[in-house]
Amino acid sequence: MSLDEAQKAKMRLIAEKLDLRPGMRVLEFGFGFGAQAYFLATEYGVHVTGATLSERQMEWAVEHNSHPQIEYRLQDYRTVEGKFDRIYSVGMFEHVGRNSYAAYFDKCYELLEDDGIMLLHTMGWARRGPWNHNAFINKYIFPGGELPTMAHLTQEFTDKWHLEDWHSFGMSYVQTLRDWQEKLDGWKDMDGFDERFRRMWEYYLAACAASFRRKRVKLWQQVWTKLKSNRPEDCSNHIRAITPSVLT
């Protein structure tokens, strides 16, 4: 499976876990470049609202992944208002910060319809303890980023939620990172990046692949519903029916 095929498989996996129906109102926190939102709008007929703090990603998404049923917003997730049938984020929670997890979950609870579904896709950390902001990744690649541990996602702010499913598939990211490194192809046609940047980026990809391989870094997808939800059955009934795919 190619990277593009694996990416499509991951987006479909997210869609199926959300149990989407045409016309649903869906909210995405941190929509990246809009690929997931566009996929859901075109393939599943839902209305997607996306919030981001990145002006450049906003510009790119509007130019390349616009759709009549997508509204991209340059907005802090904490200021979003309204009600949504589904809420999800992919690769955004790593930038929320450990001290703000309660605020994130509480905001999702406020915005989600009582019988809705929330999906959280995030990297995780295998070790307890304080986060090292002086490590290579934080210093050069993701300033301010923090990965949650399992313990962080079982604190009091989750008491009003029901955890429907916890899926761990970090080993798939080993191949993803290695494929990314191969696609650099000796930095062909990328003369604008100096040697320092190239060495830093190659080290980043190799180090992350090793961390996922050793399972120090995890990749989790969690599916949540409200405790007061009136859904007639557990989400695991439809989640377990999803055909396993190669993921990226």
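In which loop does Ser229 lie? In this predicted model, Ser229 is found in the loop that runs between strand E7 (217-226) and helix H8 (236-239).

View 1. Ser229 has a relative accessible area of 19%, and because the limit for a buried residue is under 20%, Ser229 counts as buried. A polar atom of the Ser229 side chain is placed 3.1 Å from the backbone nitrogen of Arg231. When residues up to four places away in sequence are left aside, Ser229 touches Asp114 and Asp115.

**View 2. Helix H1, residues 3-18.** The 16 residues of H1 reach 23 Å from the first C-alpha to the last, close to the 22 Å expected at 1.5 Å a residue. The buried residues of H1 include Leu3, Ala6, Ala9, Lys10 and Leu13. Also buried in this helix are Met11, Ile14, Ala15, Lys17 and Leu18. An α-helix has 3.6 residues a turn, so residues three or four places apart point the same way. Asp19 follows H1 and has a positive phi, near 55 degrees.

**View 3. The ring pair of Phe31 and Tyr72.** The model holds 26 aromatic pairs. In one of them, the ring centres of Phe31 and Tyr72 are 4.6 Å apart and the planes stand at 40 degrees, so the pair is tilted. This pair links distant parts of the chain, 41 residues apart: Phe31 belongs to the loop between strand E1 (25-29) and helix H2 (35-44), and Tyr72 to strand E3 (residues 70-74). Phe31 and Tyr72 are both buried.

**View 4. The ring pair of Tyr77 and Tyr104.** These two rings form a tilted pair, with 5.6 Å from centre to centre and 55 degrees between the planes. Tyr77 lies in the loop between E3 and strand E4 (84-90), whereas Tyr104 lies in helix H4 (residues 101-111); the pair thus links distant parts of the chain, 27 residues apart. Tyr77 and Tyr104 are each buried.

**View 5. The aromatic cluster and the charges over Tyr109.** Ring pairs join Tyr77 and Tyr104 into a cluster with Phe29, Phe93, Tyr101, Phe105, Tyr109, Phe157, Trp161 and Trp224. At Tyr109, Lys160 lies over the face of the ring, at 4.5 Å from the ring centre. The charged end of Lys226 also sits over the ring of Tyr109, 4.3 Å from its centre.

How values were computed: Residues numbered from 1 in each chain as written. Predicted model: local features only at pLDDT ≥ 70, side-chain atom pairs only at ≥ 80, totals over all residues. Heavy atoms only, no water. Helix = DSSP H or I, 4+ residues; strand = E, 2+ residues; numbered from the N terminus. Buried < 20%, exposed > 50% of the residue type's maximum accessible area, 1.4 Å probe, protein only. Polar contact = N/O pair within 3.5 Å; in protein donor to acceptor, adjacent residues only side chain to side chain. Contact = heavy atoms within 4.5 Å. Expected span 1.5 Å × (residues − 1). Phe/Tyr/Trp six-rings, centres within 6.5 Å; stacked < 30°, edge-to-face > 60°. Lys NZ or Arg CZ within 6 Å of the ring centre and 35° of its normal.
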